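Trainee: Before we turn to particular residues, could you show me how to read side-chain contacts and charge pairs in a model like this one?

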Amino acid sequence: MDDVLIVHCPDCEATLTIDRESGHILAHEPAQQKRKVSTFEEAAQELSRQKNRAEDLFAATVEREKHKSEILEKTFRQALEKAQRDTSKPRGIFDDD
């Protein structure tokens, strides 16, 4: 799952599978045509499907947030190490005079 990114379009409800490194679209699944349900069983199945989809979207969001914090932590550590190595005095506003 680290190689690809799955994106659901909120407008047309299509699903795109995108390569994380290159940004190229690997697959496109158009949205299914919405149809009216005719029985209670179909309505229950549709609600179950929507619940599962919402859980999947939530899990994907949580996973993205986990990676986001790791990237921010790594960037912070690099900046902190650079600041600790740099012992020179910062330039003042009158240094060019």
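Mentor: Keep in mind that this is a predicted model. Let us begin with Thr15, which, once its neighbours within four places in sequence are set aside, is in contact with Ile6, Val7, His8, Ala27, His28 and Glu29.

Trainee: Where does Thr15 lie, and is Thr15 buried or exposed?

Mentor: Thr15 belongs to strand β2, which covers residues 15-19, and Thr15 counts as buried because its relative accessible area is 15%, under the 20% limit.

Trainee: How should I think about charge pairs, and how many salt bridges does a search of the whole structure find?

Mentor: The general idea is that side chains of opposite charge can pair when their charged atoms come close. Here the search of the whole structure finds two salt bridges. In one of them, Glu46 pairs with Arg49, with 2.7 Å between the closest N and O atoms; in the other, Arg77 pairs with Glu73, and the closest N and O atoms are 3.7 Å apart.

Trainee: Why are Glu46 and Arg49 separated by about one helical turn?

Mentor: Glu46 and Arg49 are three residues apart in helix α1 (residues 40-85), so about one helical turn separates them. Arg77 and Glu73 also lie in helix α1, four residues apart, which is again about one turn of the helix.

Trainee: What are the relative accessibilities of Glu46 and Arg49, and of Arg77 and Glu73?

Mentor: Glu46 is partly exposed at 29%, as is Arg49 at 41%; in the other pair, Arg77 is partly exposed at 43% and Glu73 is partly exposed at 40%.

Note on methods:
Residues are numbered from 1 along each chain as its sequence is written. This is a predicted model: local features need pLDDT of at least 70, side-chain atom pairs count only at pLDDT 80 or more; totals for chains, interfaces and linings use all residues. Side-chain values use heavy atoms; hydrogens and water are left out. A salt bridge is a side-chain nitrogen of Lys or Arg within 4 Å of a carboxyl oxygen of Asp or Glu. Helices (H or I, at least four residues) and strands (E, at least two) are DSSP runs, numbered from the N terminus. Buried means under 20% relative accessible area, exposed over 50%, partly exposed in between (1.4 Å probe, protein chains only). Contact means heavy atoms within 4.5 Å.
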